[in-house]
Structures are given as C-alpha cells and as structure tokens.
Amino acid sequence: MEITPYLHTAILVSDLNRAEQFYSNVLGLEKVDRPFSYAGVWYQIGPVQLHLIVDETLNFVPTNPEKLGRNPHFALGVTNLEAAKAHLLAHNCLIQMSASGRAALFTQDPDGNVIELTQVEGDSQK
C-alpha cells in the first residue's frame with residue numbers, strides 16, 4: 001500500500017450555521033462546493049480539505065479540558081500567532097497556549113472540536 005497525499009479531515013458539528021460562522025468568519029477559511037446533499041460544509045486549506053458534517057446529537061466534551069492539545073484535534077498553520085491569538089480573543093474564543101513552549105495555541109469551535117494553530121514561516125505549502 002502506498003499512501004498518497006493527505007486529502008481531508010472530517011469533523012462533526014451540531015449546528016451548521018453556528019459552525020459556518022466560526023470557520024468562515026472567525027477562522028476565515030475558504031468554503032468550497034461539495035457533491036453531497038447531506039448537511040455539511042467543506043473548506044479548502046491549501047491542498048487539504050476540512051469537512052464539517054452535521055450530527056445534531058453531537059455532545060463533544062474534551063477528555064482533557066486542562067490541556068486541549070491532549071484531545072483529538074487538527075492543526076492549522078498561521079504566520080503570526082500573536083495576531084491569531086488577538087483575533088480569537090476579540091471573537092470571545094477560548095484559547096490555551098501550548099504547554100510545550102512551542103509557538104502554538106489551542107482553541108475550540110462552538111461544538112468543542114479542538115483546533116491547534118501553530119506559527120509557521122511563510123507559506124508552508126511550498
């Protein structure tokens with residue numbers, strides 16, 4: 001078996017409008033068309049997609065709320081972590097700085113899905 005490029009991550013959300021508000025307007029991700037009719041939204045992040053799939057019964061609670069990074073999460077790169085931190089705080093988002101000392105922070109979407117933002121140099125897609 002040969003694994004070819006990483007394609008997507010799918011996460012569950014309970015309220016699509018609330019999730020879209022967060023991913024589109026707070027994180028500023030680019031929404032793309034999707035070929036399916038069930039409730040959800042896809043975002044394109046470089047060569048990878050993030051798929052939001054609606055599960056109205058979702059009740060996600062992090063198993064380790066003291067250290068969000070020790071819960072299932074996905075990571076996105078940012079070029080200016082301090083600006084990202086200020087932006088998230090301006091939108092009343094919870095943040096935790098990485099306990100490892102790396103230039104990274106963790107936040108949560110409205111359903112509690114954990115997102116890591118790590119500072120990267122320039123365009124890491126090159």
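**Notes on the aromatic cluster and the core**

1. Ring pairs join Phe22, Tyr23 and Tyr43 into a cluster. Rings of Phe, Tyr and Trp (its six-membered ring) count as a pair if their centres lie within 6.5 Å, and the pair is stacked with planes under 30 degrees apart, edge-to-face over 60 and tilted for the rest. Please keep in mind that this is a predicted model, in which local features need pLDDT of at least 70 and side-chain atom pairs count only at pLDDT 80 or more, while totals for chains, interfaces and linings use all residues. Residues are numbered from 1 along each chain as its sequence is written, and side-chain values use heavy atoms, with hydrogens and water left out.

2. The count of aromatic pairs comes to four. One of them, Tyr23 with Tyr43, is tilted, at 6.1 Å centre to centre and 35° between the planes. Tyr23 lies in helix 1 and Tyr43 in strand 3 (residues 40–45), so this pair ties together parts that are 20 residues apart in sequence. Helices (H or I, at least four residues) and strands (E, at least two) are DSSP runs, numbered from the N terminus.

3. Are these two tyrosines, Tyr23 and Tyr43, buried or exposed? Tyr23 is buried, at 0% relative accessibility, and Tyr43 is buried too, at 0%. The cut-offs are under 20% relative accessible area for buried and over 50% for exposed, with partly exposed in between (1.4 Å probe, protein chains only).

4. Phe36 and Tyr38 form a stacked pair, because their ring centres are 5.5 Å apart and their planes are at 20°. Phe36 is partly exposed at 42% relative accessible area, as is Tyr38 at 38%. Arg34 lies over the face of Tyr38, 4.8 Å from the ring centre; the rule asks for NZ of Lys or CZ of Arg within 6 Å of the ring centre and within 35 degrees of the ring normal.

5. Leu52 is worth a look in your viewer. Not counting residues up to four places away in sequence, Leu52 touches residues including Ile11, Ala19, Tyr23 and Tyr43, where contact means heavy atoms within 4.5 Å.
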